[in-house]
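Me: I would like to go through the labels attached to this structure and ask, for each, what value and what cut-off stand behind it.

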Amino acid sequence: MERIQMDRVIIYVGAVCNLRCKLCSEYIPYTSENPPYYCPEQIKKALYEYFRIVSHVKMIVLTGGEPFINENTAIITEYLSEYMDQYDKLEIMTNGTLLPNESLLRACAKNEKTIIFINHYGELSPKVNAIHEACEKAGVRNTIRKYYGEDAHFGGWFDLGILSGERLTDENELKDRFKHCLTGNNPRLGLSFGLYGGKLFACSVSGIVERLGLMDDKMAYIDLCDDTLSHEQKRDRITALRKSEYLPACAVCHGNDSRVEKQRFVPAEQLS
Ligand SMILES: C[S@@+](CC[C@H](N)C(=O)[O-])C[C@H]1O[C@@H](n2cnc3c(N)ncnc32)[C@H](O)[C@@H]1O
Ligand code: SF4
């Protein structure tokens with residue numbers, strides 16, 4: 001079977017977090033009463049299938065929720081080392097509140113493609129320096145990203161507006177939104193996929209919109225764990241999604257329009 005290449009896939013290890021950021025791009029605090037659970041065996045099975053369909057992906061991102069809370073992070077990082085020749089970069093995010101455990105540090109250290117991004121939210125991230133030191137000691141590449149003060153990374157956070165209640169229905173407007181969206185369809189980073197458990201969504205925001213109960217569309221994702229579908233069928237579904245002119249989630253996501261200077265907000269402001 002001819003396999004495909006991909007620009008970026010974002011793997012969600014889980015939706016649990018120890019912070020409650022108002023503008024969290026994953027909308028984690030808004031589903032924290034009943035967070036979905038992604039079982040490690042399911043994610044591993046999905047990745048097994050993924051690498052039979054995708055010959056190469058430029059970038060993999062492990063995120064959550066808070067990846068350092070979740071035991072999946074070490075398990076998935078370890079598992080991904082089996083496919084090291086099929087990707088260029090593995091990025092792991094953390095909010096700077098917790099130290100990584102030994103098994104995660106070991107899994108990262110043996111994979112030179114791994115880098116940990118330690119996101120520094122000021123006083124909310126008391127463990128930033130200790131994480132940096134633990135990574136250095138274990139031989140794990142890491143970078144601290146400053147998300148507070150005047151010179152915050154990227155000028156601050158933005159608002160995807162998913163919970164605004166607005167719903168776009170006009171086809172041309174939906175196509176226009178997707179065409180110019182820097183989140184789902186970035187000209188530099190390419191089309192971004194999101195893996196939630198076994199479900200592979202085109203544009204990671206689609207998985208969030210589904211988790212929030214704002215979309216129920218089986219055509220928005222491919223269930224990589226579905227054994228009734230062949231690898232060819234899964235590949236063809238991914239290819240069809242890549243060719244879409246817009247995605248079901250574009251109706252509720254305000255997107256990240258490349259033509260508009262987006263308003264920036266203070267990162268990690270906490271909900272009470
Ligand atoms: C959702 S977080 C999950 C990982 C981890 N809990 C953390 O906060 O670093 C993943 C990345 O998204 C960024 N992020 C979260 N909400 C954002 C927003 N509204 N605008 C821009 N970036 C955002 C975070 O700073 C982090 O770099
Ligand atoms: S730390 Fe904040 S941005 Fe990161 S997942 Fe938790 S709530 Fe979202």
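Me: At roughly what angle do the axes of helix H1 and helix H7 cross, and within what distance do they come?

Reply: This is a predicted model, in which local features need pLDDT of at least 70 and side-chain atom pairs count only at pLDDT 80 or more, while totals for chains, interfaces and linings use all residues. Residues are numbered from 1 along each chain as its sequence is written, and chains are lettered from A and ligands numbered from 1 in the order in which they are written. The axes of H1 (residues 40-53) and H7 (residues 231-243) come within 10 Å and cross at roughly 80 degrees. Axes here are lines fitted to C-alpha atoms, for helices over the stretch in contact, with angles running from 0 to 180 degrees between N-to-C directions.

Me: Why is H1 called roughly perpendicular to H7?

Reply: Angles of 65 to 115 degrees count as roughly perpendicular, those under 35 as roughly parallel, those over 145 as roughly antiparallel and the rest as oblique; the crossing is at roughly 80 degrees, and therefore H1 is roughly perpendicular to H7. Glu49, Arg52 and Ile53 of H1 make the contact with His231, Lys234, Arg235 and Ile238 of H7, where two residues are in contact if their C-beta atoms, placed from the backbone, lie within 7 Å.

Me: What makes H1 roughly parallel to H2?

Reply: The axes of H1 and H2 (residues 72-80) come within 10 Å and cross at roughly 25 degrees, which means that H1 is roughly parallel to H2. Pro40, Ile43, Lys44 and Leu47 of H1 meet Asn72, Ile75, Ile76 and Tyr79 of H2. The residues of this contact of H1 with H2 divide into six nonpolar, one polar and one charged.

Me: Which residues come nearest to ligand 1, and which to ligand 2?

Reply: A residue is near a molecule if its C-beta atom, placed from the backbone, lies within 6 Å of it. Of the 16 residues around ligand 1, Ser25, Met93, Asn95, Asn119 and Trp157 come nearest, whereas around ligand 2 there are 13 residues, of which Cys17, Leu19, Cys21, Cys24 and Asn95 come nearest.

Me: Why does the radius of gyration agree with that of a compact globule?

Reply: The rule, with the radius taken over C-alpha atoms, is 2.2 Å times the number of residues to the power 0.38; with 272 residues a compact globule would have a radius of gyration near 19 Å, and the protein has 18 Å, so the two agree.

Methods
Helices (H or I, at least four residues) and strands (E, at least two) are DSSP runs, numbered from the N terminus. Ala, Val, Leu, Ile, Met, Phe, Trp, Tyr, Cys and Pro count as nonpolar, Asp, Glu, Lys and Arg as charged, and the others, Gly among them, as polar.
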